[in-house]
Amino acid sequence: MKKRDTPLLKQQSTPCFGKEMPRQFPKISLSEVDEKVRLLAEKVYASALKEEDSKDVLALFTVPEDCPIGLHEDREREMQKELAELQSEETAKRKKSFKMKRSQSVSLQLPVCGDWVLHGAPPLLSPVTPEPSLPENLPEFQRVTISGDYCAGITVEDYEQAAQSLLKALFIREKYSRLAYHRFPRTIAYFLRSAENLDWKEEDEVLPDICPCPCEGEDPYSMEGIPEDLNYELKMKDGIVHVYDTAEALKQQLPHSLPYPDLETFAIDLSHVLAMIADGPTKTYCHRRLNFLASKFYLHEMLNEMAELKELKSVPHRDFYNVRKVDTHIHAAACMNQKHLLKFIQTTYKTEADRVVLEKGGQKVTLKQVFDNLTMDPYDLTVDSLDVHAGRQTFHRFDKFNSKYNPVGASELREIYLKTDNYIKGDYFARIVKEVAHELEESKYQHAEPRLSIYGRSPEEWENLASWFIQHKVHSPNMRWMIQVPRIYDIFRSRKLIPNFAKMLENIFLPLFEATVNPQKNKEIHVFLKYLTGFDSVDDESKHSDHMFSYKSPKPEEWTADDNPPYSYYLFHMYANIMVLNNLRKERGLNTFQFRPHCGEAGSITHLVSAFLTADNISHGLNLKKSPVLQYLYYLAQVPIAMSPLSNNSLFLEYSKNPLREFLHKGLCVSLSTDDPMQFHYTKEALMEEYAIAAQLWKLSTCDVCEIARNSVVQSGLSHQEKKHFLGPNYLQDGPEGNDIRRTNVAQIRMAYRHETLCNELSFLVDAVKTEPGTTSAE
C-alpha cells in the first residue's frame, strides 16, 4: 500500500504526529455511569425540550436576577458552609496543602513547549521574595497578580468538585479531537498530561492534514498521480460507514481496523458534560473565574495599552490592513453583496438574453422569457426591488430570512443564478463566485471559506458538485471550500424521497468513502476533495425536536418517522462518519476534514455541549453567555468560535448585546466572519466592513482587531505551510514563542498575557486533583 500511496504523500501539509495513537474508539457501558449523572443530564435535556428557563438548571448566573432574595439566600448557604469549614481541621490541612501546591507551581515555572516557560503569575509570597528570572524572549509588562487564599469565596469541597468536573470534560474533548484529527492546543494537552503525572511529547500531537495550495504553474485540476483502487467493501451500519478489506470480511462482519464510535458511549460522555451545567459548585466556580478574567483584562489593558501600541508602531511594513484575515464562516450562495448580484443579473440579461436557462414542463425557457414571465425589466431593478437584504422583518423569523435567497422573491432566479446543479450546469453561479474570488486575490490579504450544499437526497450530488467545481475551474488560492449539510431530513421524509435517516447519511458520506477507497473510479470527486477542508451542519437552531436524545435513541435505520432528529443526533452521526473517514484517509496519505457546525446561534444550550465534544470549531456561539460552565469550558479548551455580529443583528440578537467583545476580553478564541454578505453587508469588502463596525462600536484597539485576525487564520482550513507563512514558523506553539509580530501585528505583550492567564486557570484545576498523594487525573 505504501508504494501505491507515494504519489499523494506530498499532499500532507502537517507533521505526521500521532502515528502510534490507538486506532480504536474507547467504549463505555451504561453500568459504569453514575446514575445521578445520568438523571441530572436528562433533567437538563427535559428542560430544554420544554423551553424552560429554569433556575434550577441554568443557575442564578445565566440571566440578571431581578429579585435579590434568591441571591441573598444562596450567599447565606455558602457562608454557612465556609463557617463550618473553618472549624474543620481536615479542611484547614487541605487548604494549607492547596496553598503550598500553588506556591510551588507558580514559583517553579514548569516548562512547556521547549524553551517557553509557564509564567502563570509571579509569586507574591512576601514583599522580599525575589522575582524569578525570565527568559530573554519574554516581554516585560505590568502583570496583574493575586496573593493570599485563592480559594476565598468557595469551599474546598466545591473547588475540588468543580476542578475534577472541568478536567473530566477537557479529557473527553481531547479524546474526541484526537480520534478525528482535530487540533487540540498544546498548552491544554500539557496540563492534562501533568494531571496524569505524565510528560507531554510533541510527537504525540495530532493535527488535521490539509492540502497546500498548488504552486504557481501547477494544474489544480490535474488527474495525474491518483492512488490505485483498494476495492474495499463498504456498508452503512448503525448510521456509520464501515470499511471491510474483502467481501469475505464483510460476510464475517470483520471491519477494517478503524475507530468506529457508538451512540451509547457518546450519550454517556455527553451526560457527564450536561450534568456539569446543572451542578451548583461548578457553576459558582466558573462564574467567579469568568468575572475574574474580565476584570483582569480590564486591568491589563489599563496598564499595558500604550506598551502594546508602542510594540506595534515599531513593526516595519505590517499594519491591520495587510495582516491575513480569513472569513471563517460564509455561505457560497450569498458570498457576493447585493449590488454585485444586481449588476451581474443586468449584465447577463444584456449580453445573453436569448440563452436557454430553464426547462419547465418540457419547455425550454430563455433568460428574456423568464423576466417577461415575471413582468419586469432587469434594467429597472434596484437593490430595493431585488429584495435580498435582511432587515427588521427577519428578526426571529428564519423562514423570512431563507426567502431572501430568492431575488425579487422569484425562486426561478435563485435556480438560475445561485445553484450549482441546474439547466446551465451552474455556469452563472460559477462566474459570480470567480468574480468574488478575483476580488479576494486583488486584496491579497483576505481569504474566505465558502460553504457549498450537499443535501443527502441522492448519492449523485457529490459527482455533480465535483464536476461543477472542475469544469468551471472555480479553485482560487484565496478560497478554501467547505460542505454544509442542512438539517432537513423531515422535508425529504415527508416527500417520500428517503425511507429513513440512515439513507440520508449514506447519500452524504458513502460517495466520500468510495472516492477514498477507489479514487481511480471517482477521479473528479478525488480532485475536488483535495480543496475541501471541512463540514458544517446548518439550519434554524430555534426549531425544537420533541425527541430527547439519549442512549435509547433509535438507530438511524430505525428512524423512519417524519419528525426531524434532534441537533445532538445529527452532530454525533456527522462527527462519527467524518472521524472514520479521516482515519481511512490518513492511512492513504490523503487530506482530512474538520467538523465546524453552526452552533449556539439560538435554541438550547445543549447544542453547545454536543459541539464541545464533536466540533473542531463552531460558528456563532451566542448562547455561551447563558451558561457560565460552558463558556468557561470553551475558554479552557480554546475552542475557536467564528462570530457574525451583523448577521445576528438581523436575526437573533441586537448588535450592542452581542457577546463578542466580552468573549474576546475574557480570552475565548473568537474570530469575525460575514455569514451572508448578500443579506447583511453593503460594501465590496464585506469582511473589512465587519471589522470596521466592530472596531468602531466597541472601541477595539489595533491589537484587538489584529488578534481577532490571527485567530481567524489559526481556526481556518488553510494548510500548515500557509499558516507558517502567514503567522510565523512556530505558530503551533502557544504564547509569544508562537507569534511572529512581523507577520501578525499582534503585540508580544498581548500573546504573553493570554498564555500566562490560560496557564494560570489550568494550573488551578491540575493543583486540585494533584494535591492528595496518589491522586490521579479527573478521568
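## Aromatic cluster and ring pairs

Tyr176, Phe266, Tyr489, Phe501, Phe549, Trp559, Tyr569, Tyr570, Phe572 and Tyr575 form one aromatic cluster. Rings of Phe, Tyr and Trp (its six-membered ring) are taken as a pair if their centres lie within 6.5 Å; planes under 30 degrees apart count as stacked, over 60 as edge-to-face and the rest as tilted. The structure is a predicted model, in which local features need pLDDT of at least 70 and side-chain atom pairs count only at pLDDT 80 or more, while totals for chains, interfaces and linings use all residues. Residues are numbered from 1 along each chain as its sequence is written, and side-chain values use heavy atoms, with hydrogens and water left out.

The count comes to 31 aromatic pairs. Tyrosine 190 is buried at 15% relative accessibility, and phenylalanine 191 is buried at 4% (buried means under 20% relative accessible area, exposed over 50%, partly exposed in between, with a 1.4 Å probe and protein chains only).

The pair of tryptophan 462 and phenylalanine 535 is also edge-to-face, because the ring centres are 6.3 Å apart and the planes stand at 65°. Tryptophan 462 belongs to helix α17 and phenylalanine 535 to strand β8 (residues 532-538), so this pair ties together parts that are 73 residues apart in sequence. Helices (H or I, at least four residues) and strands (E, at least two) are DSSP runs, numbered from the N terminus. Tryptophan 462 is buried, with 0% relative accessibility, and phenylalanine 535 is buried with a relative accessible area of 0%.

## Largest pocket

On a 1 Å grid over the protein atoms alone, a pocket is an open set of points with protein on both sides within 12 Å along at least five of seven lines, whereas a cavity is a set where a 1.4 Å probe fits but cannot get out; lining residues have an atom within 4 Å of a point. Grid points are joined across faces, edges and corners, and a volume is the space filled by probe spheres set on the points.

The largest pocket holds about 1200 Å³ of space. Its lining comprises 41 residues, and Arg414, Lys419, Ser453, Tyr455 and Pro486 lie nearest its centre. Elements that give two or more residues to this lining include α15 (411-417), β6 (446-453) and α17 (460-471). The lining divides into 18 nonpolar, 11 polar and 12 charged residues (Ala, Val, Leu, Ile, Met, Phe, Trp, Tyr, Cys and Pro count as nonpolar, Asp, Glu, Lys and Arg as charged, and the others, Gly among them, as polar).

## Enclosed cavities

There are 6 cavities of 30 Å³ or more. The largest cavity has about 420 Å³ of space and is lined by 20 residues, with Gln638, Arg710, Asn711, Asp734 and Met751 nearest its centre. At least two lining residues come from each of α28 (702-715) and α31 (748-770).

The volume of the second largest cavity is about 180 Å³. Among the 22 residues lining it, Arg183, Pro208, Gln594, Val714 and Lys723 are the closest to its centre. Helices α28 and α29 (720-727) give two or more residues to this lining.

## Parallel sheet

Four strands form an open sheet in the order β10-β11-β12-β13, with parallel pairing (two strands pair if DSSP finds at least two bridges between them). β10 (598-599) and β13 (670-672) stand at the edges with a single partner strand each, so one side of each is left without a neighbour in the sheet. Strands β11 (residues 618-620) and β12 (residues 641-643) run parallel and are joined by 2 bridges; serine 619 has alanine 642 in β12 as its bridge partner.
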